[in-house]
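Colleague: I would like to learn how to read the features of a structure one at a time, with the general idea before each case. Could we go through it together in that way?

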Amino acid sequence: MGITPEKKLGLVLTGGGARAAYQVGVLRAIAEITGFEKNPFAIISGFSAGALNGTWLASQSENFEAVTRRMVETWSSLTAEQIFKVGPLSFTKIAYRWIRDRSSGGIKKNQITYLLDTSPLAELIKSKINFKALNENIQNNLFHAISVCATDYRTGQSVAFYNGHENINDWNILNRKSLRTLISAEHVLASSAIPIFFPPVRIGESYFGDGMVRLNSPLSAAIHLGAEKLLVIGNRRQGLPLPQTPRAASEGITLGEIVGTILSGLFLDSLDSDLERIARVNRGVAVMSAEAKASQPDHLREIPILNLAPLSEVIHAPANELSRMPMTFSYLLRGIGVSENKGSDLLSYLAFEPEYLCSLIQIGHQDTLNRKAEILKFFDL
């Protein structure tokens with residue numbers, strides 16, 4: 001049975017590299033709480049690593065329980081070797097290209113712009129996600145719309161690649177635009193390409209990177225696609241951040257800490273701001289009369305939102321995680337200042353190791369079970 005347009009539930013999955021394992025625990029708990037046979041979400045919008053989880057879920061919409069179980073199984077056993085090459089030869093080749101290209105004075109074309117070879121990730125995406133089935137699910141009206149956001153490095157725009165119902169109109173607002181297309185592995189790989197670390201992906205005549213780089217409104221794509229209620233899975237603790245342990249200024253700051261702070265700004269801050277913005281709109285619309293709602297030019301509507309985010313900051317990578325990483329990759333991270341007591345933000349995005357990933361899945365699962373009443377209310381159960 002197709003999804004009727006009277007009630008479109010939207011799912012927004014944000015970025016965060018390895019932190020996206022938290023989303024898998026949340027989705028698994030939702031499957032257990034609700035007992036849904038089929039995927040209950042008519043619209044899924046994914047960014048960065050959330051694009052991988054979103055397209056995976058949409059490609060197997062016929063069995064919500066089974067697909068969330070398989071996602072847990074896969075994420076629980078992921079290793080760095082399945083995301084990027086970790087052998088000495090790969091790192092040596094990349095290091096040589098960096099030295100050669102940086103010393104060429106800009107003469108050489110197609111200079112290297114990344115630190116890690118993510119060809120294993122491309123194979124993982126193709127092996128786990130049936131893109132033919134995903135696009136057919138939309139064509140057969142089993143699913144309303146899917147979007148994968150990536151950043152166009154040449155124009156600076158955030159592009160929402162989407163496939164969906166024929167009544168969906170394209171949008172082009174400020175630095176955000178949409179492009180209707182058949183969703184493929186290249187779109188997911190581009191959306192997941194963490195700046196500097198992962199290589200940009202060529203799509204058409206441009207190069208694309210992580211979907212969170214220029215996206216200041218992560219909820220907008222799902223709303224444009226027609227979502228009437230939104231379930232958002234973030235990866236930062238709700239409420240105020242925990243106080244950090246002070247360090248003497250004489251210790252200096254490392255490149256790893258700077259990069260980790262920049263990535264946190266990209267992956268986390270925009271979602272918090274957008275949630276606040278939607279909450280203000282909802283409060284304003286709620287007090288408007290029916291006539292005022294009908295006459296206002298922006299067609300604002302109230303969109304109920306349930307934000308499922310970590311209840312604590314244990315999502316940070318533990319200090320001993322660095323020692324469990326492959327030796328060559330650990331050497332690279334230590335070279336930019338990541339250590340047992342520095343750079344935990346950066347490490348949390350790149351720590352694709354089973355022990356850490358399993359802990360995130362368990363946290364997401366338990367956090368969601370603790371909010372069972374809110375889950376049932378969101379789904380009107």
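Colleague: To begin with the strands, how many bridges join β3 to strand β8, and do the two run parallel or antiparallel?

Modeller: Please keep in mind that this is a predicted model. As a general idea, the side chains in a regular strand alternate between the two faces of the sheet. In this structure β3 and β8 (residues 206-209) run antiparallel and are joined by two bridges, and within this pairing Asp152 stands opposite Phe208 in β8.

Colleague: Which strand is joined to β8 by three bridges?

Modeller: That is strand β7 (residues 201-203), which runs antiparallel to β8, with Arg202 standing opposite Tyr207 in β8. Together β7 and β8 form a hairpin that has two residues between its strands, and Gly204 in that turn has a positive phi of about 65°.

Colleague: Which residue forms a salt bridge with Arg202?

Modeller: The general idea is that side chains of opposite charge can pair when their charged atoms come close. Here the partner of Arg202 is Glu205, with the closest N and O atoms 3.4 Å apart. Arg202 counts as partly exposed because its relative accessibility is 48%, whereas Glu205, at 62%, counts as exposed.

Colleague: Which residue does Asp117 pair with in a salt bridge?

Modeller: Asp117 pairs with Lys85, and their closest N and O atoms are 3.6 Å apart. Because Asp117 lies in the loop between α4 and α5 (119-128) and Lys85 in the loop between α3 and α4, the pair ties together parts that are 32 residues apart in sequence. Both ends are partly exposed, Asp117 at 22% relative accessibility and Lys85 at 39%.

Colleague: Turning to the rings, how many aromatic pairs does the structure hold?

Modeller: There are seven aromatic pairs. One of them joins Phe84 and Phe198, a tilted pair with 6.3 Å from centre to centre and 55° between the planes. The pair links distant parts of the chain, 114 residues apart, since Phe84 is in the loop between α3 (64-76) and α4 (88-102) and Phe198 in the loop between α7 (185-191) and β7. Both Phe84 and Phe198 are buried.

Colleague: Why is the pair of Tyr162 and Trp171 called stacked?

Modeller: The angle decides the name, as planes under 30 degrees apart count as stacked. The planes of Tyr162 and Trp171 lie at 25°, with the ring centres 5.7 Å apart, so this pair is stacked. Tyr162 is buried with a relative accessible area of 0%, and Trp171 is buried with 7%.

Colleague: Which residues do ring pairs link into a cluster?

Modeller: The cluster consists of Phe36, Phe41, Phe378 and Phe379.

Colleague: Is Ser191 buried or exposed, and what does its side chain reach?

Modeller: Burial is read from the relative accessible area, with buried meaning under 20%. Ser191, whose place is in helix α7, counts as buried because its relative accessibility is 0%. The side chain of Ser191 reaches the backbone nitrogen of Ser48 at 2.8 Å. Leaving aside neighbours within four places in sequence, Ser191 is in contact with a set of residues including Phe47, Ala51, Val148, Cys149 and Asp210.

Colleague: Where is Ser61 found, and which residues is it in contact with beyond its neighbours within four places in sequence?

Modeller: Ser61 is found in the loop between α2 (49-59) and α3, and counts as buried at 7% relative accessibility. With those neighbours left aside, Ser61 is in contact with Lys38, Asn39, Asn137 and Phe143.

Terms used: Residues are numbered from 1 along each chain as its sequence is written. This is a predicted model: local features need pLDDT of at least 70, side-chain atom pairs count only at pLDDT 80 or more; totals for chains, interfaces and linings use all residues. Side-chain values use heavy atoms; hydrogens and water are left out. Two strands pair if DSSP finds at least two bridges between them. Rings of Phe, Tyr and Trp (its six-membered ring) pair if their centres lie within 6.5 Å; planes under 30 degrees apart count as stacked, over 60 as edge-to-face and the rest as tilted. Buried means under 20% relative accessible area, exposed over 50%, partly exposed in between (1.4 Å probe, protein chains only). Contact means heavy atoms within 4.5 Å. A polar contact is a pair of N or O atoms within 3.5 Å; within protein, one must be able to donate a hydrogen and the other to accept it, and residues adjacent in sequence count only if both atoms are side-chain atoms. A salt bridge is a side-chain nitrogen of Lys or Arg within 4 Å of a carboxyl oxygen of Asp or Glu.
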